[in-house]
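Please look through the chain below from one end to the other before reading on.

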Amino acid sequence: MTRIKRGYIARRRRTKIRLFASSFRGAHSRLTRTITQQKIRALVSSHRDRGKQKRNFRRLWITRINAVIRERGVSYSYSKLIHDLYKRQLLLNRKILAQIAISNRNCLHMISNEIRKEVDWKEYTRII
């Protein structure tokens, strides 16, 4: 039986893996076994951190909104604003509210005041 050389197929597979790890440092970009381990580790980390990134941005937006809302009225807070938004059925997500808070604080104060007046008036008429 003749010897079969698999050099081309194996080299093509290893080249594909090396292209992924070309930016890694040291043996992590040169040794095939280490490259495969680092590739698995990198993909696991990227998958995990995509979810973490969403959480971190949501926390940032909430912090920004809360800081701007509490500037004017101490009694009014982020949770009350979001509750009033849901009562009014306004479709403003936290990302948009945070952008408004950064770019135009007065606009966010006007929105919160209008929502507050409307909700307070509806609750007041319900009691009577």
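In which loop does glutamine 89 lie? Glutamine 89 belongs to the loop between α3 (78-88) and α4 (94-103), where helices are DSSP runs of H or I with at least four residues, strands are runs of E with at least two, and both are numbered from the N terminus. The phi angle of glutamine 89 is near 60°, a positive value in a residue other than glycine. Most residues other than glycine have a negative phi. Glutamine 89 counts as exposed because its relative accessibility is 69%, given that buried means under 20% relative accessible area, exposed over 50% and partly exposed in between, with a 1.4 Å probe and protein chains only.

The model is a predicted one, in which local features need a pLDDT of at least 70 and side-chain atom pairs count only at pLDDT 80 or more, while totals for chains, interfaces and linings use all residues. Residues are numbered from 1 along each chain as its sequence is written, and side-chain values use heavy atoms, with hydrogens and water left out.

Taken as a whole, the chain has five helices and zero strands, so that its elements run α-α-α-α-α from the N terminus on, by the DSSP definition. Of its 128 residues, 21% count as buried. Among the contacts in the chain with a separation of 6 or more, 45% are accounted for by residues 24 or more positions apart, contact meaning heavy atoms within 4.5 Å.

Consider next the packing of helix α1 (residues 7-20) against helix α2 (residues 32-72), whose axes are 10 Å apart and meet at an angle of about 50°. The axes are lines fitted to C-alpha atoms, for helices over the stretch in contact, and angles run from 0 to 180 degrees between N-to-C directions. That angle makes α1 oblique to α2, since angles under 35 degrees count as roughly parallel, over 145 as roughly antiparallel, 65 to 115 as roughly perpendicular and the rest as oblique. On the side of α1 the contact is made by Arg14, Ile17, Arg18 and Phe20, and on the side of α2 by Thr32, Ile35, Thr36, Lys39, Ala42 and Leu43.

Two residues of α2 can be set side by side here. Isoleucine 35, found in helix α2, is buried, with a relative accessible area of 0%, and, not counting residues up to four places away in sequence, isoleucine 35 touches Ile17, Arg18, Ala21, Ala27, His28, Ser29 and Arg30. Arginine 33 also has its place in helix α2, but arginine 33 is exposed, with a relative accessible area of 68%. The C-alpha atoms of arginine 33 and arginine 14 are separated by 9.7 Å, although these residues are 19 apart along the chain.

Helix α2 also meets α4, and the two axes come within 9 Å and cross at roughly 45°, which makes α2 oblique to α4. In this contact Arg58, Trp61, Ile62, Arg64, Ile65 and Val68 of α2 meet Arg94, Lys95, Leu97, Ala98, Ala101 and Ile102 of α4.

Finally, histidine 109 has its place in helix α5 (residues 105-127) and counts as buried at 5% relative accessibility. Leaving aside its neighbours within four places in sequence, histidine 109 is in contact with Val68, Ile69, Glu71 and Arg72.
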